[in-house]
Amino acid sequence: MKAIRKFQLYKHATEDENVVKLCGELDLSAATYLTAELNPLVKETERTLTLDLKDITYIDSTGIGIFVSVLKARSAMNAAFRLVNTPAPIQRLFDMTGVSRFLAVSPQ
Amino acid sequence: MNPFVCLTIPAQAEYLDIVRLTLYGFATKAGYTFEEIEDMKVAVAEACNNAILHAYGTADSGTIELRLESGEEGMTISVKDHGQSFVFPENAVVPALLEQTEISEVTVGGLGLFLMEALMDDVQVRSYDGSGTEIVLTKRLSRKEEMA
């Protein structure tokens with residue numbers, strides 16, 4: 001089925017930072033796309049990697065797992081990684097799973 | 001007879017949003033709160049994730065059967081596949097995330113099961129030897145509302 005994407009991302013780079021704005025429902029159907037888009041940015045250690053979650057309307061273990069993988073990779077390279085504008089329901093899931101402790105998460 | 005809805009989908013991630021929409025529609029009619037419905041959407045998707053990822057090989061030919069039922073006690077969500085039985089851990093899975101102090105030690109295995117158990121009041125996993133797995137999720141109704 002040729003699906004209309006319920007998940008989209010927008011990238012913006014400055015000298016110091018790669019900002020990726022994530023929009024919509026981050027579920028298993030979005031996993032391959034998100035991972036493919038993030039992989040090259042994960043490797044750019046000279047820029048901070050920032051994920052803007054303001055327009056995320058759904059997340060589950062798929063997305064949380066991807067964020068943790070990115071975090072582990074960035075951490076191993078001593079490269080900065082942060083999530084910003086996290087909606088309250090998403091923050092609740094981060095807290096519930098214990099991810100908050102590891103992620104530099106800024107609430108919306 | 002309790003109100004119910006049944007849905008059969010291919011075991012493909014593209015159908016997860018339809019599952020969540022069906023859950024939303026049914027649970028709204030049954031009188032659940034916004035937050036309860038948000039929790040159930042994640043839980044049902046996690047159950048489907050397991051079937052999509054583990055039940056069938058690369059043949060892409062498997063299906064998932066869902067049954068949503070709303071009764072006096074609450075909502076029951078059954079997610080069944082007919083593929084390889086997936087062995088779930090016996091006890092509640094506490095993900096490494098909650099315990100590990102170092103990010104390098106963290107793994108995310110079991111996060112789906114953890115979320116199902118955290119978001120629902122009861123989770124049952126039934127393995128039918130070699131012919132599938134059924135996950136039954138229950139959410140108790142906090143206030144009584146009749147189905148319209």
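## Starting with a hairpin

How many residues does the hairpin use to join β1(A) to β2(A)? The hairpin gets from one strand to the other through three residues. Before going on, some ground rules: this is a predicted model, where local features need pLDDT of at least 70 and side-chain atom pairs count only at pLDDT 80 or more, while totals for chains, interfaces and linings use all residues. Residues are numbered from 1 along each chain as its sequence is written, and chains are lettered from A and ligands numbered from 1 in the order in which they are written.

Helices (H or I, at least four residues) and strands (E, at least two) are DSSP runs, numbered from the N terminus. Two strands count as paired if DSSP finds at least two bridges between them.

## Strands of chain A

A residue is buried if 20 or more other C-beta atoms lie within 10 Å of its own, exposed if 12 or fewer, and partly exposed in between, with C-beta atoms placed from the backbone. A:Thr32 has 10 other C-beta atoms within 10 Å, so it is exposed. Between A:Thr32 and A:Ile66 there are 10.0 Å in space, C-alpha to C-alpha, and the two are 34 residues apart in sequence.

## The sheet of chain B

Chain B has four helices and five strands, and from the N terminus on they run β-α-α-β-β-α-α-β-β. Its five strands make an open, antiparallel sheet in the order β1-β2-β3-β5-β4. At the edges are β1 (4-10) and β4 (122-127) of chain B, each with a single partner strand, so one side of each has no neighbour in the sheet. From one strand to the next, the twist averages 15 degrees. Axes here are lines fitted to C-alpha atoms, for helices over the stretch in contact, and angles run from 0 to 180 degrees between N-to-C directions.

Helix α1 (residues 16-29) of chain B packs on this sheet, touching β1, β2 (63-70) and β3 (74-81) of chain B, and its direction makes about 175 degrees with that of β1(B). Contact means that the C-beta atoms of two residues, placed from the backbone, lie within 7 Å. As for β4(B), its antiparallel pairing with β5 (residues 133-140) of chain B runs over six bridges. B:Val125 stands opposite B:Ile135, and B:Gln124 has B:Val136 as its bridge partner in β5(B). The hairpin of these two strands has five residues between them, and B:Gly130 there takes a positive phi near 75 degrees.

## Inside chain B

Of chain B's 148 residues, 40% count as buried. A nonpolar core is a set of buried Ala, Val, Leu, Ile, Met, Phe, Trp, Tyr and Cys residues joined through C-beta atoms within 7 Å. The largest such core has 64 residues, and those touching the most other members are B:Ala43, B:Val44, B:Cys48, B:Val79, B:Met116 and B:Leu137. Helix α2 (residues 34-55) of chain B gives the most to this core, 10 residues. Leaving out residues up to four places away in sequence, B:Leu137 touches residues including B:Ala43, B:Val44 and B:Met116.

Helix α4 (residues 111-119) of chain B is largely enclosed by the rest of the structure, because seven of its nine residues are buried. Among them are B:Leu111, B:Phe114 and B:Met116. The cover over these buried residues includes α2 and α3 of chain A, as well as α2, β4 and β5 of chain B.

## Where the chains meet

The contact between the chains takes 23 residues from chain A and 22 residues from chain B. On the chain A side, α2 (61-76) and α3 (88-97) each supply at least two residues, and α2(A) has the largest share, with nine residues.
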